[in-house]
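I am opening a notebook on a structure that is new to me. I shall write down what I looked up, entry by entry.

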Amino acid sequence: MRAYILKERGHAEWTEDAPEPLLSEPYGAILSPVAVSPCTSDVNTVYGSGSEKPANLILGHECVARVTAVASRVRDFRPGDLVAVPAITPDWRAPSVQEGNDRHAGRPFSGNALGRSIPGVFAERFAIADADTTLAKVPEGVSLQDALMCVDVATTGFTGAEAAEIRVGDTVVVLGIGAIGLMAIQGAALLGAARILGVGTRPAGIALAKEFGANELLDYHNGTIVEQVLQRTDGIGADAVIICGGDDRSFSDAVDMVRYGIGRVVNLKHYPGDGGLAIPKFSGGRGMAGKTIKLELCRGGRSRMERLLRMVVYGRICPGKMVTHELQGLERVAEGLELMRNKPGNLIKVMVRV
Ligand code: ZN
C-alpha cells in the first residue's frame, strides 16, 4: 500500500509497500482518506527533536475519510459512511477515562497517537481501533473543508477557549493567529469575551482574525506584547491569555500580561527543545498566588467531533475558511507538508483531496 512515511528524522518519503492496516476486532474500522491536511505538528514529527518514533511511521492525523470495513461489534458505522476522524483518538475503555483523563488515558499522550505512535492517515488506507467511540459522520451539507478543519484545528482552538473559562465580558489575548489561534479567537467570542486582542502579523490570518471575533490585532514590531496589553487594560492585564503561537518567550509573556487574582493562562503550544518554561517570579504571584496556568491538549472522540460539526451545521462556525490552499491527489501531501513548513504569508491551512 502507498503511504507517506517518516524514514528518518528530517526525511519523509513515499513507499509503495507500507503494510495494509489490520481490522482490529471487535470494534475497529478500516478507512480510506477523502481529504487530509498536513499540519505543523507533522512538520515537527519530521523535522523536530521529539520522542523516538516507530520505524517507517506513516504520517498524518487530520482526515475526513470513507469507511471501507468495520469489525463485528461496530454498531453505528457501515462501509461507505463519510466520517470526520478526530486527530485525538483516546482509548475510551481505559479505566482512567472514568476519572476524566480522556487525552492521556493509560499513558501520557495516549490519545495523541495517529501519525505519531500509530500509523497515520497519509496512506491509501488506515485503521481505527474503535469506530463507535471515535468517528463522527459528516452531516449532510457540511463541506469537506469545514469537516476537515474540525478534526484538529477547531477542537484545539476551542479547547483553549474552554480551558480559559471565558466569561461574558472578558478581555482575552490570543497569541498567534495561525489556524489554532483563529479558532481560539472564535471560541472566545462564542463563549462571551467582550474584547479579544489577537497577536500576529501574518497577512492571511489578520482578516480572518477580525472576522472570527478579534477587535484588535497587536504587532510585536510596536513594542513588547506585554506592554501593549497592559497599556490597553489600564495596567491590569487580560482576564485570559491563550497561547497558540509565538516563541519560547511566549509562556512567560502570557503570565506577565494576565491579571492578578482571576487571570488564566492556557498553553496550547508545543515548545520544541528542552529549554523549559519560565514563570516570572513576581508577575507570576511570587509562586504563591494569583494566576492560573493550564497546559492543554485538544479533546478527541466522537461526541466532541459531533458537537463541533453541529456548530458548522447551525452556522456558528465556518472553519473551512482557513483552507487557503487546495491540492489534488494523495501524492501532493508532500507538497502540502513543505507548504506548512515554509508557511508563505498567504497560507493558513492546506487541504489535499485524495
Ligand atoms: Zn494537526
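Between which two strands does the loop with Ile279 lie? I found Ile279 in the loop between strand E13 (263–267) and strand E14 (291–295), where helices (H or I, at least four residues) and strands (E, at least two) are DSSP runs numbered from the N terminus.

Before going on, I note that this is a predicted model, in which local features need pLDDT of at least 70 and side-chain atom pairs count only at pLDDT 80 or more, while totals for chains, interfaces and linings use all residues. Residues are numbered from 1 along each chain as its sequence is written, and side-chain values use heavy atoms, with hydrogens and water left out.

**Surface patch**

I looked up Ile279 again and saw that, with Leu277, Ile293 and Leu295, it forms a nonpolar patch on the surface, together about 350 Å² of accessible area. Such patches are made of residues with over 30% relative accessible area and no salt bridge, like charges being joined within 9 Å and nonpolar side chains (Val, Leu, Ile, Met, Phe, Trp, Tyr) within 5 Å. The areas come from the Shrake-Rupley method with a 1.4 Å probe, and for residues only the protein chains shown count as cover.

**Cores**

I then turned to the largest nonpolar core, which has 49 residues, and noted that Ile242 and Met322 touch the most other members. The core is a set of buried Ala, Val, Leu, Ile, Met, Phe, Trp, Tyr and Cys residues joined through side-chain atoms within 4.5 Å, and buried means under 20% relative accessible area, exposed over 50%, and partly exposed in between (1.4 Å probe, protein chains only). Among the elements that each supply at least two residues of this core are helix H3 (144–163), strand E12 (240–243) and helix H8 (302–313). The largest share, eleven residues, comes from H3. Apart from this core I found another, of 34 residues, among them Leu59, Val74, Phe126 and Val350.

For Met322 I listed the contacts (heavy atoms within 4.5 Å), leaving out residues up to four places away in sequence, and they include Met149, Val153, Leu182, Phe212 and Ile348.

**Salt bridges**

I counted 22 salt bridges in the structure, each being a side-chain nitrogen of Lys or Arg within 4 Å of a carboxyl oxygen of Asp or Glu.

One of them joins Glu296 to Arg103, with the closest N and O atoms 2.8 Å apart. Glu296 lies in the loop between E14 and H8 and Arg103 in the loop between strand E6 (82–85) and strand E7 (126–128), so this pair ties together parts that are 193 residues apart in sequence. I noted Glu296 as partly exposed at 25% relative accessibility, whereas Arg103 is buried at 13%.

Another links Arg264 and Asp170, whose closest N and O atoms are 2.7 Å apart. Arg264 is in strand E13 and Asp170 in the loop between H3 and E9, so the pair ties together parts that are 94 residues apart in sequence. Both Arg264 and Asp170 are buried.

I also recorded a network of salt bridges that links Arg75, Asp76, Arg302 and Glu306.

**Arg304**

My last entry concerns Arg304, which lies in helix H8 and counts as buried at 11% relative accessibility. Its side chain makes a polar contact with that of Thr155 (2.9 Å), a polar contact being a pair of N or O atoms within 3.5 Å, where within protein one must be able to donate a hydrogen and the other to accept it, and residues adjacent in sequence count only if both atoms are side-chain atoms.
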